[in-house]
Amino acid sequence: MSNIWRDSNLTSGPATAWNNFPYANSPNHGLSEERLSAQLTRLSTLLEANPTNDIRLQAYIESDLGGAAGTTNSVQISGYTPRLRQGYFTFSKKDWGFHVLMGQAWSLSTNYAKGVTPRSEQLPAVTDNNQIPGITFLRVPQIRIGKNWGEKYWLALSVEDPQATIAYSADLASGGRLPALRGYTQGPRVFYQNAGGLLLNPSAQYSDNPVPDLIVKGAVDTSLGHYEVFGLGRWFRSVIQSPDDTHSHKDTKFGGGIGAGLTTSLFTKDLQLTGNIIAGQGIGRYGASQLPDVTFNGQGGLSPIPQIRGALGLIGHPDPSVLLYVYGGIEASSKRRYIAADGMQYGYGVNDHNLAGCSVEFGVCTAQTRTLASMTTGGWWHFLDGTYGSLMGGVQYTYIRKFAFRGSDGKGGSVYPTTFGNTVYVTFRYLPFQ
């Protein structure tokens, strides 16, 4: 059972859309919202078998009520739909140190507390279901192969399939035309996504991924803690009809990044330091704030946006029944823009838009997010523990600040729109069979 309060209205359930805090032009800015929710009630099942002393088989499925189909509402019965969080099968051969995972699970790029095997992820100990800005946060279908040496050194390869997130400074539906470049009377026509078909959501748009993402991670577990590094490769595709051309052609761009993470004790096992960082281009989808992966260049190709993301946290156990935490996180994007024949900038990170309206109620604001920074603190208290399970309560506070790219004030000057948000989260959870 959760209760969440925000000082700006996002009309969100028990997961905060960090990039959606409105600027002062919106009447929702400063209009607080408060919601009670039981949507995070979770059902999990783990099946295990050991056909030999060296082989272990596991199947795990995890779901909650965080789905929101077209008929869901909170008017009378607050009926929300089940959704798949995780569902995977694993095979491990202990004497080889060999591991295989197939199904939907936390991405291999997620920070881990030990090794690179599932259910050992080092997720923030927070209450908000959307975690915190700065972490790598996604669950996706994947095939993962891993190897360990003495459960101390780890190497894994994962083939994963997240969707691409696309942003552009002007309205552009798939199949529309970009503004013309100099020397042309019209711009290229671009196709980059389609509505969901069979067994997909028909009201959602799906990017055209040419191949899955590839992640390679190495990790080491020592007496001083867990340390890891990884590389991420992504490919983005659009279909382009160039100006005055009767045929289309496909254009594929490469993106990705390099990241690292750690989990270690500070002076005592009751105090942990955890952190992660990734830098690259086209990596926005891998963050909790959902900054865009790509934008368009003037020729109609997808252009990966340079980004950096990171978080650092302290986790303490002043008492066996109490856990306290504090985290800081940041996500930042750089610009990818071009100048069209009309003299205006297009893409992501443009700085010639009039953004004076961002600070005026009911004003027009087309600001694009440059940086999100946050601070989160909170704790958990296990006030009942035993063979019957664990009953706990959690309280969390998060402050977030959003900064936009520079724009004009309409009078020859510059403006840097910014906004902020405060959230307070209170939750109670009962975990049986702990």
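Trainee: Leaving aside its neighbours within four places in sequence, which residues is Q205 in contact with?
Mentor: Before answering, note that this is a predicted model, in which local features need pLDDT of at least 70 and side-chain atom pairs count only at pLDDT 80 or more, whereas totals for chains, interfaces and linings use all residues. Residues are numbered from 1 along each chain as its sequence is written, and side-chain values use heavy atoms, with hydrogens and water left out. Contact means heavy atoms within 4.5 Å, and by that rule, with neighbours up to four places away in sequence set aside, the partners of Q205 are Q193, N194 and A195.

Trainee: In which strand is Q205 found, and is Q205 buried, partly exposed or exposed?
Mentor: Strands are DSSP runs of E with at least two residues, and helices are runs of H or I with at least four, numbered from the N terminus; Q205 belongs to strand β11, residues 205-207. For accessibility, buried means under 20% relative accessible area, exposed over 50%, and partly exposed in between, with a 1.4 Å probe and protein chains only. Q205 has 43% relative accessibility, so this residue counts as partly exposed.

Trainee: Where does K94 lie, and which residues does K94 touch?
Mentor: K94 sits in the loop between β5 (81-93) and β6 (98-106), and its 52% relative accessibility makes it count as exposed. Its C-alpha atom is separated by 9.6 Å from that of G150, which is 56 residues apart along the chain. Not counting residues up to four places away in sequence, K94 touches N53 and D54.

Trainee: How many helices and strands are there in the protein chain, and what is its radius of gyration?
Mentor: The protein chain has 0 helices and 26 strands, and its C-alpha trace spans about 70 × 50 × 45 Å along the principal axes. The radius of gyration is taken over C-alpha atoms, and the globule rule is 2.2 Å times the number of residues to the power 0.38. For 434 residues a compact globule would have a value near 22 Å, which agrees with that of the protein chain, 23 Å.

Trainee: What share of the contacts with a separation of 6 or more joins residues 24 or more positions apart?
Mentor: As background, buried residues make up 48% of the 434 residues in the protein chain. Among the contacts with a separation of 6 or more, the share from residues 24 or more positions apart is 61%.

Trainee: Is the pair of Y338 and Y346 stacked, tilted or edge-to-face?
Mentor: Rings of Phe, Tyr and Trp (its six-membered ring) pair if their centres lie within 6.5 Å, and planes under 30 degrees apart count as stacked, over 60 as edge-to-face and the rest as tilted; by this rule there are 11 aromatic pairs. The rings of Y338 and Y346 lie 6.1 Å centre to centre with 35 degrees between the planes, and the pair is tilted.

Trainee: Why does the pair of Y399 and F420 tie together parts that are 21 residues apart in sequence?
Mentor: The ring centres are 6.4 Å apart and the planes are at 20 degrees, so the pair of Y399 and F420 is stacked. The reason lies in where the two residues sit, because Y399 is in strand β23 (residues 389-404) and F420 is in strand β26 (residues 418-431).
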